[in-house]
Amino acid sequence: MFKKILAAACCLMLIFAVGCDKTVVYEDLSDYETESETEVTANDFSTNPLTGTEVSKEIAARRPVAIMVNNVKTAQKVQTGVAKADIVYETEVEGGITRLMAVYQDISGIDKIGSVRSARYPYVDLALGHDAIYVHCGQDPTYCAPHLKDIDDLSIDTNSKGAKRISNGLSSEHTLYALGGDLWKNLSGSFKTDATRTGNWANFTDEQLALDGGAAASVSVPFPTQTESFTYDASTGLYTRLLGGAVATDYFTDEQIQIKNVFILLTSISNYPDGKHRKVDLIGGDGYYITNGTVQFIKWSKGDAKNGLSFTDTNGNEIKVSTGKSWVCIADKTTCNPTFQ
């Protein structure tokens, strides 16, 4: 405003200086306007409950969206949108393979996520722990289908708003992708999207944590048919996901998957009576927390399906977790022997 007044005063001085000369050219007052009409203040921001990082209040007030992502070896190379997830959960489904559930506080700006696969029982419980809207393509009809009545879920397919099959050189079952913006519009029109829970997923801190369990510049988590691996980059302070020893990249964007935290939660995993689908115990157990190239032995618990995860040290004190994205491996305690280097 001061600049506008100053500019007007200068123009008046020019008028008096030239008398009745009608050829005076007045300067455009807009040249002096450099201040924004609206100001962004600290009150416009809040905390992403999944990462502890800063986001707009509008995004922080949303319910998260949890999307099932294909993770069989042949389809890992066509994964997309995983790097954008705030939290990724991985555990066994059947035949020794794992599936991912990518959880997002905001999917509206993500181009594609997938490829999308079917629902499984333990992932419903994990999504419930976030009060998330659960997105999948079909479900295990015997064990998972009855559990879906307990959660707001959307099964998408070729003709669904916010989904599209995109040719990627693989068979049709591996080609379904969620379209973030369109999917969010679909979910917003079908479910209540305002968050009903308060508080963060973990006890986040901006401290440069140095954990007491030793070095963990390289982390390997063996599942029955494949190993999930991460390597630490000290220059970024992040872990990069590896597949077959090579850096995992996004199929469409070439973006690397980089995360701040790795959790390894050990539990009992067994077959359901059909001898095929895997039953994952989410009551609690032992585990490891990895960040900043270091590792810590922890205890974890969940309990009721609607409860979130809880992480403590061996004395029962809540641990601090680095602000940022997390990858959570839930593995069988009788067969998984993670390694740290």
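This is a predicted model: local features need pLDDT of at least 70, side-chain atom pairs count only at pLDDT 80 or more; totals for chains, interfaces and linings use all residues.

Q: What's the secondary structure of the protein chain?
A: The chain has 5 helices and 25 strands.

Q: And how many of the residues are buried, as a percentage?
A: Buried residues are 49% of the 341 in the protein chain.

Q: What about contacts between residues at least 6 apart in sequence?
A: Of those contacts, 63% join residues at least 24 apart.

Q: Switching to helix α4, residues 121–128. Why is it largely enclosed by the rest of the structure?
A: Because 7 of its 8 residues are buried.

Q: Which ones in α4 are buried?
A: P122, Y123, V124, D125, L126, A127 and L128.

Q: What do the buried residues of α4 pack against?
A: Strands from several parts of the chain. β3 (65–69), β4 (87–92) and β5 (98–104) are among them. So are β7 (133–136), β19 (278–280) and β24 (326–332).

Q: New topic, cysteines. How many disulfides does a search of the whole structure find?
A: It finds 0. C336, for one, is in no disulfide. The nearest cysteine sulfur belongs to C329, 7.9 Å away. The cut-off for a disulfide is 2.5 Å between sulfur atoms.

Q: Is C336 buried or exposed?
A: Buried. Its relative accessibility is 7%, and the cut-off for buried is under 20%.

Q: And C144, buried or exposed?
A: C144 also counts as buried, because its relative accessibility is 0%.

Note on methods
Residues are numbered from 1 along each chain as its sequence is written. Side-chain values use heavy atoms; hydrogens and water are left out. Helices (H or I, at least four residues) and strands (E, at least two) are DSSP runs, numbered from the N terminus. Buried means under 20% relative accessible area, exposed over 50%, partly exposed in between (1.4 Å probe, protein chains only). Contact means heavy atoms within 4.5 Å.
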